[in-house]
Structures are given as structure tokens and as C-alpha cells.
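Look over the sequence and the fold, then read on.

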Amino acid sequence: MAEMGSKGVTAGKIASNVQKKLTRAQEKVLQKLGKADETKDEQFEQCVQNFNKQLTEGTRLQKDLRTYLASVKAMHEASKKLNECLQEVYEPDWPGRDEANKIAENNDLLWMDYHQKLVDQALLTMDTYLGQFPDIKSRIAKRGRKLVDYDSARHHYESLQTAKKKDEAKIAKAEEELIKAQKVFEEMNVDLQEELPSLWNSRVGFYVNTFQSIAGLEENFHKEMSKLNQNLNDVLVSLEKQHGSNTFTVKAQPRKKTKLFSRLRRKKNSDSPPAKGNKSPSPPPDGSPAATPEIRVNHEPEPASAATPGAALPKSPSQPTESPAGSLPSREPSAAEGTFAVAWPSQTAEPGPAQPAEASEVAGGTHPAAGAQEPGETAASEAASSSLPAVVVETFSATVNGTVEGGSGAGRLDLPPGFMFKVQAQHDYTATDTDELQLKAGDVVLVIPFQNPEEQDEGWLMGVKESDWNQHKELEKCRGVFPENFTERVQ
């Protein structure tokens, strides 16, 4: 009988809970449809929003702290294995073996102590802080249910009072249920109204204490670790002094493609036409040997009077009035800034055989033949051509540093074609093949691209030593490959 009675009580509670759920669901539907008013507390809703935000932040902090602890543990294991490796390779007859073993033991103990203190002073505190949130969260949810019960009881009591046919017994019972629901709701509401703001304000002190603990522990850990590392360094210095003759040398990466230039020269001599930049001008008509053209660049404008017809051209103060026999004729700068002039020797203005058909190529550009004029040339150029040797003139815009406007550093006259950057040798390198550069520590090398990228080995660069380039200005004689790991980029 007692068992049945117990079952009956349980069944009654279940039926009561089901009825409450149905009543709450019905009330919420009416409130959403606007057929029943809802009791709202904006201040409490703001407290709930702060609570949810605080819970989210705390959960994230706990997750990141656990990740940090896992990283500390991984670093401990890595440091331990590294020290074990050092102990294995450290031979018994080397000085400082006992000190190195002691340092490895202290290193292991220091990592273990650091990890344990982080757990005690940060992680456990974090867990305690978050442990209070589940209970408060359930109380907030319960308070919401009691608020619905209160609104439902209030609406039921009001509907009975406004009914045409009043039943005093039902009204009295409804009033009693309303007072009961209101009391339960208000008790829970008052408690949460006090706890939620206090919990929200407590986050500041918690964050301060947590991160202060982590920062202090990490600071002490690194101080102690720094001492151990200094002691280990002293042990290794003493070992180096005893075995100083057996120094470690830097080695270049092995090359797979050797004798690069010999292959390129054979290929060039067999099937490649002469390079365009090496084209020689036609000999003068009188049969005298061709000479290297005189090249000058003027960056200063001259007075406009120099371009007038019949006006005498000014003479350079650094040149004699008359050129000696067999020397190159003088050529005064043109009126335009940046004029580039090439003059052939042993040429006169008198009518004679045809002038050379081709002009020297300068900086990779082809210039018009002597005697040719572009449209728009003034009468001054015609008059000058009748009294001066035949010239090839090209006007270009030159910048102060000697580069073509709009161009890159590769077009500078003092750098090799295709120049990319500079490196400085950090170690001596002895060339092992004819196409390699011999380097001394401190040498500056101008790096240029490979003519055929497929010829480049990994870890090797092509270049010319700056001193050789300034002296010879010839890539074919000066360039070579060198190991990249022997150098350091400086520009």
C-alpha cells in the first residue's frame, strides 16, 4: 500500500508538472500574439546580458589557458629531449660534463615547477571562478518560468473578475494562486537582482589576479632559466677553448651543373649569332682603322645662342682649340640637356664617300645612321652638320644619377646589366671550378640573373665582384657563380 501511495504521489507530481508546462506554453503563445501582456524588467534583462557575456569570456579564457599549459608541457618535453641529446654526445673526457648534467637536471625541475604553479595559481582558480555560473544560469531560467506562472495567474484572476457571471469561490482561489506565484517570483527575482551585478563587477579583480599570477610566474621562470643557460654557455666556452683547433667551417651546397660558362661558350660559338650589343661600326671610307667612338653625356643646358644659325659653338675649357693629328676631334656639348653624341674620327665635312651605314649601339639602344635627320630638326642642326664631323645624335631624358627616366637600377651606367642586389662575403670561399668566383670575407658582389634559369643550382647565385666590375666593366671576364650561404645581402 505504501508503494502504491508513493506511486500515486509521483504520478500526481508528474501530472502537475505537465499541467504547468501546458499553462506556460499557452501563456507564451498569448503573449506573442499580443493577447496577453508580459511583465518586463529592463534592468534585470541587462544583468542577464552581462552574465552571458561574462560566461562567454570566462569560458574562452579557460580554453586558452589550457592551451597555454599544453604548450608549456610540450616545451618541457622538447627541452628535456634536447638536454638528453647533449648528455649523450658529451664525451666523458670533455671538461664540464658533470656541470652540463647538473644543468640539464635543474632545467627539467624548473619546467616541472613552472607547469605545476600555473595549474595551482591560474587553472584551478579559473575552474573555481567558472564553477558558480551553472547554478546561477539555472536560477535565471527558473526565474523566467516563475515569471510566466505569475503572469498566467494574474491574467486568470483578471479574467474571472471581468466575467459577467462571477464565481466568488473561483475568484478567491485564483487570487490565492496569484499571491503565491507572485511571492515565489519576487523571492527569486530579488536574489538574482543582487547577485548578478556583484558577479559582473567581480570579473575585474579576477582578471587582474589571474594575469598577474601568470606574468609573475613566467618572469621568475625566465630569470631562473636565463641563469641555467648562462651556466651552460660557460661550460661550452671552456670546451671550445680546449678544442679550439677543431672549428666548424661553413660549406657550400654541392653543385649539380658544373662548368656552366664552358657549356654556354661552346653553345654560343656553335650556333648563336653575334650579340647585338657587340656590333662594330663600318670602317671609315679612307681605309683608316676604326676607332672606338667618343661618348659624352651632358647634363647641363647651354645658352640658347649656341643653337642659332651661323653662331660659333663655345669651346670646352678642358680641350685645346685644335686637335692634334690622329687624335679624336673635339665635340662640344649640345644645347639640349641629356644629349648623347657619338663622333667618328678622321671624318670631315667636305663631300666624299658615303658615311658609315651603321652607328654604335649605346646602352642597348640602336641610333640612326650618320646624316639621317628626324622630322622637326631645326636649321641650326643643318648648319652645324656642315662645319662639324658627321655625328649620330640621340636626345634622351637623363636623370641626375645617370639612369634612364622611368627605368630601374639595372639601367645605371655604373652597374652591370640586369643588376638585382648586392651581397657581402661573410666567409672566404675557394673556387673549385673555372666558372666560380673566388671570395674573401668582405668582398662585395653585384648579383645578376642567370642567362638560362635552368642552369642555376639551388643555393648558388650569379654575380660579379664590385672591384672587378669597376676595373674591367666586362661581364664575360668577371662574372661567376658563388654559394649564397657564404654571403649576406647588404642592398
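## The positive patch

Helices α1 (2-33) and α4 (133-162) each supply at least two residues of a positive patch. This is a predicted model. The patch lies on the surface and gathers Lys21, Lys28, Lys32, Lys142 and Arg145. Which helix gives the largest share? It is α1, with three residues.

Lys32 is one of the patch residues. Lys32 lies in helix α1. Is Lys32 buried or exposed? Its relative accessible area is 75%, so Lys32 is exposed. The cut-off for that label is over 50%.

## The negative patch

Negative charge gathers on the surface too. Glu186, Glu187, Asp191 and Glu194 form this patch.

Where does Glu187 lie? Glu187 is part of helix α5, which covers residues 168-242. Glu187 has 45% relative accessibility, so it counts as partly exposed. Partly exposed is the range between the buried limit, under 20%, and the exposed limit, over 50%.

## Cysteines and disulfides

A disulfide is a covalent bond between the sulfur atoms of two cysteines. How many disulfides does the count give? The count comes to zero. The rule behind this count asks for a pair of cysteine sulfur atoms within 2.5 Å.

Cys85 counts as partly exposed, because its relative accessibility is 40%. Cys478 has 5% relative accessibility, so Cys478 counts as buried.

How values were computed:
Residues are numbered from 1 along each chain as its sequence is written. This is a predicted model: local features need pLDDT of at least 70, side-chain atom pairs count only at pLDDT 80 or more; totals for chains, interfaces and linings use all residues. Side-chain values use heavy atoms; hydrogens and water are left out. Buried means under 20% relative accessible area, exposed over 50%, partly exposed in between (1.4 Å probe, protein chains only). Patches are made of residues with over 30% relative accessible area and no salt bridge: like charges are joined within 9 Å, nonpolar side chains (Val, Leu, Ile, Met, Phe, Trp, Tyr) within 5 Å. Accessible areas come from the Shrake-Rupley method with a 1.4 Å probe; for residues, only the protein chains shown count as cover. A salt bridge is a side-chain nitrogen of Lys or Arg within 4 Å of a carboxyl oxygen of Asp or Glu. Lys and Arg count as positive and Asp and Glu as negative; His and the chain ends are not counted. The place of a charge is taken as NZ of Lys, CZ of Arg, CG of Asp or CD of Glu. Helices (H or I, at least four residues) and strands (E, at least two) are DSSP runs, numbered from the N terminus.
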